[in-house]
Amino acid sequence: MRRTENVMNGRDEEFGEFMRDRASPLHQSAYLLCGDWHLAHDLVQDTLAKAYLHWPRVRRADSPDAYVRRILLNEVRGRWRGRERTATVSRFPEGREPVSPDAADELARRAGLLQALHALPLRQRATIVLRYLEGMSERETAAVLGCSEGTVKSQSARALGTLRSYLDRTESTR
Amino acid sequence: MNSPQETQLSHDLHRLASGQAYTPDLAAIKQLARQRHRRSLMRRGATAAGAVVLAAGGLFFAGHGSSGAHGPAGTAIGPAVATPSSAAPSRSATVAPAVRMETVAYVAKRVEAALAGVNGDIIRNDQAFSGQEASSGTNWTDSRTGNEFNDMTDSATGKLHGWEIEQVANGTFTIKLVNAVYSTHTWYEVTTYSSSHVPSGSSSVNATSPIMTPAEIKTSLASGQLKIVGHRNINGHATIGLRSPWDFGYRELWVDSQTFLPVRVFVDYYSDHHPTPSQDLKLTGNLTWLPRTQALVNMVNKVHIPAGFTHVAAP
């Protein structure tokens with residue numbers, strides 16, 4: 001009995017450390033994947049709960065972070081199949097933004113990005129988030145998505161093609 | 001990052017995503033994990049006989065992959081179930097004495113033989129959780145199709161009928177869940193799993209099952225962790241118990257000592273972690289192997305939404 005208790009305590013410490021380190025990046029990714037901070041919060045909670053349940057398996061994975069990101073993607077995918085498919089995308093980020101004219105332009109431009117992002121199929125969106133928010137390599141992205149590097153390249157290309165109007169606007173404002 | 005556009009994209013994504021701080025609470029995460037796990041058990045019928053069939057089937061592979069030298073018969077390793085039963089199995093004169101024969105490997109071989117003789121039985125599992133959030137339900141599994149029907153009641157949802165229908169279409173495997181909720185007179189449908197979309201190694205729908213999966217049994221056997229824990233009389237069956245430790249306590253599978261079909265699953269859930277008795281969840285599933293009748297086949301394999309129920313989006 002006591003041995004089990006010690007094991008569980010060790011698990012909590014280890015998982016707690018992982019959680020503190022990775023929760024914020026997961027939360028940010030979740031937001032870009034679903035477009036709603038509250039839903040992102042729920043998704044990360046569910047993801048971490050699942051990771052906690054399977055922590056012995058997660059910690060043995062080559063990359064626990066990649067494993068947990070796969071869980072997050074599955075959670076997003078599951079929600080997307082249900083009523084969250086119709087969840088509204090936040091019109092603007094809920095952070096405290098300046099309101100000067102230039103900043104307003106900037107806000108509108110990024111709001112456009114968020115909407116464009118959510119016009120993408122989930123897999124392409126995930127590719128964009130992993131590559132350009134997380135800064136993952138194609139190989140790392142492939143590991144998280146469970147596909148080949150070639151697929152990551154093609155998904156990225158398609159996604160960037162769809163985001164072309166946003167990217168062109170970025171180019172014109174530089 | 002290659003082009004200026006991509007650099008700007010990365011910058012903008014960081015700006016977009018930095019709007020809110022997030023500080024997780026470990027206690028809340030653990031509570032959610034417990035709730036989710038428990039809900040998964042009830043909803044999926046994770047205590048269902050289908051899982052037990054898998055588990056018992058795994059015994060075969062485990063048994064054949066071992067030397068069978070895993071301790072003496074009836075080795076008791078814990079006080080909870082180690083009580084030698086006064087109703088020990090009565091064997092015919094042609095059967096070797098249990099004490100000499102009942103190694104894990106022997107029991108595994110007999111279970112495998114018993115399951116090989118099962119011909120499309122419908123397996124009924126009367127399951128109950130004890131503890132703070134006591135609930136109960138009955139699950140029927142078609143051993144031929146793998147489909148399930150659940151009739152359950154718990155404090156959160158009330159009465160619920162649920163079907164889990166396995167489908168393969170265009171090479172994609174899915175499990176369709178259909179739940180009819182009596183408290184709201186509504187029903188909803190959701191496809192929970194598609195193997196073609198779930199990355200290999202990710203958490204799958206079976207991952208939360210407390211039941212001894214074949215892989216786990218094999219691992220347990222190889223490490224000497226799977227034990228025969230004793231004998232009991234369960235619902236009129238003389239049984240042999242197998243126990244395996246797991247992350248949240250331990251799991252037991254009790255098989256009839258005559259037919260070697262599983263008749264009970266018992267899970268002591270978080271038993272050692274939470275000292276408060278009210279949080280001490282225990283799960284008991286009693287299994288009955290029923291002949292395949294048309295009525296049972298229809299009940300399990302065909303969704304029957306009660307009259308007057310309204311279709312709603314999945315929660």
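A:W37 counts as buried, at 1% relative accessibility. Buried means under 20% relative accessible area, exposed over 50%, and partly exposed in between, with a 1.4 Å probe and protein chains only. This is a predicted model: local features need pLDDT of at least 70, side-chain atom pairs count only at pLDDT 80 or more, and totals for chains, interfaces and linings use all residues. Residues are numbered from 1 along each chain as its sequence is written, chains are lettered from A and ligands numbered from 1 in the order in which they are written, and side-chain values use heavy atoms, leaving out hydrogens and water.

**Aromatic pairs**

- Over all chains, the structure holds seven aromatic pairs. Rings of Phe, Tyr and Trp (its six-membered ring) pair if their centres lie within 6.5 Å; planes under 30 degrees apart count as stacked, over 60 as edge-to-face and the rest as tilted.
- One of them joins A:F15 and A:W55 edge-to-face, at 5.3 Å centre to centre and 80 degrees between the planes.
- This pair links distant parts of chain A, 40 residues apart: A:F15 lies in helix α1 (residues 2-34) and A:W55 in helix α3 (residues 55-60). Helices (H or I, at least four residues) and strands (E, at least two) are DSSP runs, numbered from the N terminus.
- A:F15 is buried at 0% relative accessibility. A:W55 is buried too, with a relative accessible area of 4%.
- A:Y31 and A:W37 are stacked, because their ring centres are 3.8 Å apart and their planes stand at 0 degrees. A:Y31 is buried, at 0% relative accessibility.
- A cluster of ring pairs links A:F15, A:F18, A:Y52 and A:W55.

**Charges over rings**

- In chain A, the charged end of A:R131 sits over the ring of A:Y132, 5.7 Å from its centre. The rule needs NZ of Lys or CZ of Arg within 6 Å of the ring centre and within 35 degrees of the ring normal.
- In chain B, the charged end of B:K159 sits over the ring of B:Y182, 5.0 Å from its centre.

**Cysteines**

- The count is zero disulfides over all chains. A disulfide is a pair of cysteine sulfur atoms within 2.5 Å.
- A:C34 is buried at 3% relative accessibility. A:C147 is buried with a relative accessible area of 18%.

**Chain B as a whole**

- Chain B has seven helices and 12 strands.
- It has 315 residues, and 50% of them count as buried.
- Among contacts in chain B between residues at least 6 apart in sequence, 55% join residues at least 24 apart. Contact means heavy atoms within 4.5 Å.
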